Amino acid sequence: VQLQASGGGLVQAGGSLRLSCAVSGVFSVKSLGWYRQVPGKQRELVATMTGRGTTNYAGAVRGRFEITGDNALKMVYLQMNSLKPEDAGVYYCFADNIGGGTSWGQGTLVTVSS
């Protein structure tokens, strides 16, 4: 499974960004999601979505971020609203494969200016 993330950039605090991640490959996935990482800190799970549409969010982003995608789990999006400086980081999309294992995208940088 290959994942290609896009949509990062620079935004002012309070603004919005939409990240996209395209999934390709011959293996099927059971869920997609996004992590983020700030230098010096552990990678943090942001949001996940299953093929049945079940979503889960980190407490820090619940109510501000929304994860969506298609039922085939070939695309996943992360709509980020009311961005805060602490939301800045490199965002990675990932896929949990049905056959086991996790596949990762290359990361897209989100910068939030205060």
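Rings of Phe, Tyr and Trp (its six-membered ring) count as a pair if their centres lie within 6.5 Å; planes under 30 degrees apart are called stacked, over 60 edge-to-face, and the rest tilted. By this rule, a search of the whole structure gives 3 aromatic pairs. The model is predicted, so local features need pLDDT of at least 70 and side-chain atom pairs count only at pLDDT 80 or more, while totals for chains, interfaces and linings use all residues. Residues are numbered from 1 along each chain as its sequence is written, and side-chain values use heavy atoms, with hydrogens and water left out.

**Aromatic residues**

A pair of aromatic rings is described by the distance of the centres and the angle of the planes. Among the pairs are these two:

| Pair | Centre to centre | Angle between planes | Class |
|---|---|---|---|
| Y35 and W104 | 5.4 Å | 55 degrees | tilted |
| F94 and W104 | 5.5 Å | 40 degrees | tilted |

Y35, F94 and W104 form one aromatic cluster. Strands are DSSP runs of E with at least two residues, numbered from the N terminus. Y35 lies in strand β4 (residues 29–37) and W104 in strand β10 (residues 102–104), so this pair links distant parts of the chain, 69 residues apart. F94 is in strand β9, and its pair with W104 in strand β10 ties together parts 10 residues apart in sequence.

Buried means under 20% relative accessible area, exposed over 50%, and partly exposed in between (1.4 Å probe, protein chains only). F94 is buried, at 4% relative accessibility. Y35 is partly exposed at 22%, and W104 is partly exposed at 38%.

**Charges over rings**

A charge sits over a ring if NZ of Lys or CZ of Arg is within 6 Å of the ring centre and within 35 degrees of the ring normal. The charged end of R43 sits over the ring of W104, 4.6 Å from its centre. R18 has its charged end over the ring of Y77, 4.0 Å from the centre of that ring.

**Disulfide**

With a disulfide taken as a pair of cysteine sulfur atoms within 2.5 Å, the count is 1 disulfide. C21 is joined to C93, with an S to S distance of 2.1 Å. The pair links distant parts of the chain, 72 residues apart: C21 is in strand β3 (residues 17–24) and C93 in strand β9 (residues 89–97). The torsion about the S-S bond is about 60 degrees, so the disulfide is right-handed. Both C21 and C93 are buried.

**Hairpin**

Two strands pair if DSSP finds at least two bridges between them. Strand β7 (residues 65–69) pairs with strand β8 (residues 75–80) in the antiparallel sense over 5 bridges. I67 stands opposite L78 in β8. β7 and β8 form a hairpin with 5 residues between them, and L73 in the turn has a positive phi of about 55 degrees.

Note on methods: Helix = DSSP H or I, 4+ residues; strand = E, 2+ residues; numbered from the N terminus.
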